[in-house]
Amino acid sequence: MITAEQLKGALRTALEAAGRGRRGANPLVGACILDAEARVIATGFHLGAGHPHAEIDALRRLGLLSRQAAAGLTMVVTLEPCNHQGRTGPCSQAIAEAGIGHVHYAVRDETAASGGADYLRSAGVTVSHAADAASWELNHRWFKAQAENRPFITVKTAQSLDGRINAPDGTSQWITCDASRIHAHSLRAQVDAIVVGTGTVLADDPRLTARTAAGGLHEHQPYRIVAGHRQLPEQLALAYDGNWEQLRTHDVFEVVARARDLGFGHLLIEGGATLASAFIEADLADELYCYQAPVIIGGGTASVNLPSVTTLSQARNFRLDAAQNDAVKRLGVDVLLHLEPLPVPVANGSHPKE
Ligand SMILES: NC(=O)c1ccc[n+]([C@@H]2O[C@H](COP(=O)([O-])OP(=O)(O)OC[C@H]3O[C@@H](n4cnc5c(N)ncnc54)[C@H](OP(=O)(O)O)[C@@H]3O)[C@@H](O)[C@H]2O)c1
């Protein structure tokens, strides 16, 4: 019989594995499989949307076992196994089919994918659950985005040491180095859509494609949304394939609702300063990628400007992404900070709905 302490230890292993994934339309999830002596014999994690879920990854790493052998195994997972047919099949069904005897999970799934625990029980699997603050914190912003029925939102800034995105005369190419730009392009390749303000389009006429380090195009190219009222020129670099639109609004919630209606699960706010600030001001930045170049410009536009903050106690607090080991990364001469808003404390340190 596996003890509560052993389950807790296994959950730490699952949490560590979860951190190897990428944030976005799907939550970070980690899983591990224990034998009857509570030894970890397989771990799995979810890399991101379109990739196998953590439970399936762990089952694959475990390899083929007879149902009889699997009956003595316990799967420990940071989030309740899903029960819906998305891009991948329901995990609860795969676990039951593999013959796993016991499933222990930390955070109850409150989304459309819920019901996995009930399915497992109905299939004869023993299911246990113990709320765990770290497992909830792992995806606190993803849960918030789900509760608000909107995509997960990444905000990107590229700035000088003094927090500027351009010089006083408006020149801004290139503050950050090649390695940063290559990284920013890999970010573009992971999102469903990029949002920019009319200011950026009129100043830079960017293509907003996702390019590989070799300069080729990534297989997936994000949709482009331009927010703002001003009339744009007929010929726009970002209009190259027709997959773009302009939203004549300053209401960031309207932008987000439109993106949701288009079926998008992950948005990247690329700037400029006005648009990025509006998203941060509205508490719609679920994560922040801050590319920091070792240059002092001494003037120009601040990367973020929040009119609502007039004194230090109103400042917005972020922390390095707690789940990911490379939340501080050297990129050539630059440093990339991967940040998230501080979790809002909840009564019992677990999912607010539990
Ligand atoms: N370093 C970087 O990471 C980076 C990234 C992007 C851009 N940039 C630089 O940023 C500069 C442009 O800055 P920017 O602040 O003008 O660009 P912006 O944020 O792209 O555009 C601002 C404009 O967007 C419209 N808009 C959309 N939503 C809005 C909202 N919620 N609140 C207010 N206005 C909204 C307004 O124009 P309307 O009058 O049309 O409504 C506003 O003037 C350029 O020099 C560009 O090179 C730097």
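**Exercise 1.** In which loop does H229 lie?

*Solution.* The model is a predicted one, in which local features need pLDDT of at least 70, side-chain atom pairs count only at pLDDT 80 or more, and totals for chains, interfaces and linings use all residues. Residues are numbered from 1 along each chain as its sequence is written, and side-chain values use heavy atoms, with hydrogens and water left out.

Step 1. Locate the strands, which are DSSP runs of E with at least two residues, numbered from the N terminus, as are helices (H or I, at least four residues). H229 belongs to the loop that connects β8 (223-227) with β9 (244-247).

Step 2. Consider the accessibility of H229. Its relative accessible area is 47%, so H229 is partly exposed; this class lies between buried (under 20%) and exposed (over 50%), with a 1.4 Å probe and protein chains only.

Step 3. Turn to the ligand. A backbone N or O atom of H229 is 2.7 Å from an oxygen atom of the ligand.

**Exercise 2.** Describe the surroundings of the ligand.

*Solution.* Step 1. Count the shell. The ligand is surrounded by 24 residues, the closest being T198, T200, D204, H250 and T274; a residue is near the ligand if one of its heavy atoms lies within 4 Å of it.

Step 1. Sort the shell by class. Seven of its residues are nonpolar, 14 polar and three charged. Here Ala, Val, Leu, Ile, Met, Phe, Trp, Tyr, Cys and Pro count as nonpolar, Asp, Glu, Lys and Arg as charged, and the others, Gly among them, as polar.

Step 2. Assign the shell to elements. At least two residues each come from α9 (198-204), β10 (266-271) and α11 (273-281), and α9 gives the most, with five residues.

Step 3. A backbone N or O atom of A158 lies 2.9 Å from a ligand nitrogen atom, and one of L275 lies 2.9 Å from a ligand oxygen atom. Taken alone, the ligand exposes 930 Å², of which the protein buries 81%; these areas come from the Shrake-Rupley method with a 1.4 Å probe.

**Exercise 3.** Is K156 buried or exposed?

*Solution.* Step 1. K156 is part of strand β6 (residues 152-159).

Step 1. Apply the cut-off. The relative accessibility of K156 is 15%, and therefore K156 counts as buried.

Step 2. Identify a partner. The side chains of K156 and E270 are joined by a polar contact of 3.4 Å, that is, a pair of N or O atoms within 3.5 Å, one able to donate a hydrogen and the other to accept it, where residues adjacent in sequence count only if both atoms are side-chain atoms.
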